[in-house]
Amino acid sequence: MPQLKKLSNGLNLLTVPMTGAKTTAILVMIATGSKYENKKNSGLSHFLEHMFFKGTDKRPDTLTITSVLDRVGGEYNAFTSKEYTGYWIKVAKQETKLALDVLSDMLLHSKFDNEEINREKGVIIEEVNMYLDNPMRRIEDVFEQCLYGNTPAGWDTIGTKENINSFKREDFVNYFKNQYKTSNSFVCIAGDIPTGANKLINDFFSTWSTGQPKTKLPVKEKQSTPAIKIEYKKTDQAHLSLGVRTEAYGNSDEFIHKIIATALGGSMSARLFINLRERNGLCYYVRTGAETYSDSGYLATQAGVPVDKIEKAITIIIEEYKRLTTELMPEEEIKKIKQFITGRILLSLEGPDDIANWYGQQLVVRAQQPGGNKKSLLTPTEFLAIVKKISAEDIRRVAKKIFNPKGLNLAVIGPYKNEAQFRKLLK
C-alpha cells in the first residue's frame, strides 16, 4: 500500500513498494505548470523543465548528466502540463542512490547557463513548429482555447515563439524560486525500494526551498451558447474536436465520464469508431477522452475527416451524443467497456514508473484543491471497484447533464473561415 509522509524539510514523500519488481522508479512531481503563468511568461514552466537537463556545478553539461544514467541502463524523462511538472528516473534497484543523486542535483543545483538558454530557444521553437505542423496533435490545444479563451487555462503549454525568444536567466531563477516549494512538491518512489531509501531522499533533497508557491487563476466554467474556434490551415484533411464541459477532478461523476468516453471512442469497437470509420468511411482516426483538472473538466471527440465531409462527421458525433441521453446503454456493452477499462489499467500499471505516475498525478492535482491533501489516494483496485458499480441509469443521467446543446464546443483545423457553416450544426 502507498504511504505518504513529510520529510524533515516539509517535502512530501510517497513510497509504493511492489512485490516482484526488479527496478525502482523515482518521480518528482511539482504542482505547477502553465496555468500558473501570465501572458508575459507563458511557456516558462515548459522551458524550465528543459533547463534542468543542461548542467549543474557537479555535472556541468547535458552529456555528463545523461552519460551517468545511460551507463547503468537507466530510463529518464520529464514532462510539463497545465497543472503539474514531473521528472523521473527508473533504474535497477542497486542504482537507486545514483538516480537520487542525479535527480536531486538537477532540480536543486542547475546552473541555468545563459549560453544554454539561448541554444535551447532554437530547440523549443522547433518543438512549437512540430506541433503546429501536426494538426492531429494541435487540435487538442485549439479545443482548450475554445473552452477557456485568453486565459492561462486556454494558452498553449509550450508558450509563444515571442516569449520563448524573450526569456532571460533571471526569469528561470525567479520562477524556480517562486514555484518549486516543498509544500507543492512530491517525491514518489515505487518498485523494489532499497533499505534506507527514505533517509537517502531526505538527505539528497534537504535543501529544497520551503514556503508557499504562487497560486493560479481559477477556471470559470460558464457557458450559455455553443462555442466555435477555427484555426485556418490549408490541409488535405480537416481535424475537429467536438466536446462538452464536465466536472473537476474528484467529482462523483468523474468515472461515469470515463465510461461514456470509452463507449464513444475509446477502442476500435467503440460507437464512433464503428459509425464514423467502419460504416461511413469518414476517418482513419477517431477518439474520445475525458480530461479532468483540479478545477475543470471536459469530454471531447477528435477525428480527422475529409474537408468536404466535415459537416456530416459533426452531425454523426452529435447524434451519438444525443443517443446516450435518450437510450439506456445495453448491459452487454457496459460489461464490455468495464472489461476493457480493467484490462487497460492492468496493462498500463505493470512498471514502477507507471505506478509512481498513477499516484503522483493524484497528489499534485488534489494539492491544488481546497482541502485536497486530506483526500485519500485511490488505488487501481479501488478505482475499478467504483467503475464496476456504474449502471446504465447512471450513464444516461450524466449524458443528459453534459450533452446540452448550449454547452457544445467545436474546434476545427482546416481550410475554413466561416463559422456559420458549423454553428447551424450545433443544435
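1. In strand β11, the bridge partner of Ser241 is Ala411, and this pair belongs to the contact between strand β8 (residues 237-245) and strand β11 (residues 408-414), which run antiparallel and are joined by six bridges. Strands here are DSSP runs of E with at least two residues, helices are runs of H or I with at least four residues, and both are numbered from the N terminus; two strands count as paired if DSSP finds at least two bridges between them.

2. The model is a predicted one, in which local features need pLDDT of at least 70 and side-chain atom pairs count only at pLDDT 80 or more, while totals for chains, interfaces and linings use all residues. Residues are numbered from 1 along each chain as its sequence is written, and side-chain values use heavy atoms, with hydrogens and water left out.

3. An open sheet of five strands, with mixed pairing, has the order β7-β11-β8-β10-β9. Its edge strands, each pairing on one side only, are β7 (227-232) and β9 (286-292). On average, neighbouring strands of this sheet are turned by 15 degrees against each other, direction ignored; axes are lines fitted to C-alpha atoms, for helices over the stretch in contact, and angles run from 0 to 180 degrees between N-to-C directions.

4. Helix α5 (residues 135-148) packs on this sheet and touches β7, β8, β9, β10 (297-306) and β11, its direction making about 140 degrees with that of β11. Helix α10 (residues 271-279) also packs on the sheet, touching β9 and β10, and its direction makes about 145 degrees with that of β9. Contact means heavy atoms within 4.5 Å.

5. Strand β3 (residues 23-30) is mostly covered, since seven of its eight residues are buried, where buried means under 20% relative accessible area, exposed over 50%, and partly exposed in between (1.4 Å probe, protein chains only). β3 pairs with strand β5 (residues 85-92) in the antiparallel sense over eight bridges, with Ala25 opposite Lys90 in β5. Seven bridges also join β3 to strand β6 (residues 185-191), again antiparallel, and here Met29 stands opposite Phe186 in β6.

6. Which residues of helix α12 are buried? They are Glu333, Ile334, Ile337, Lys338, Ile341 and Ile345. Seen down the axis of α12, these buried residues fall within an arc of 135 degrees, so they line one face of the helix; the arc is that of the directions from the helix axis to the C-beta atoms. On the other side of α12, Glu332, Gln339, Leu346 and Leu347 are exposed.
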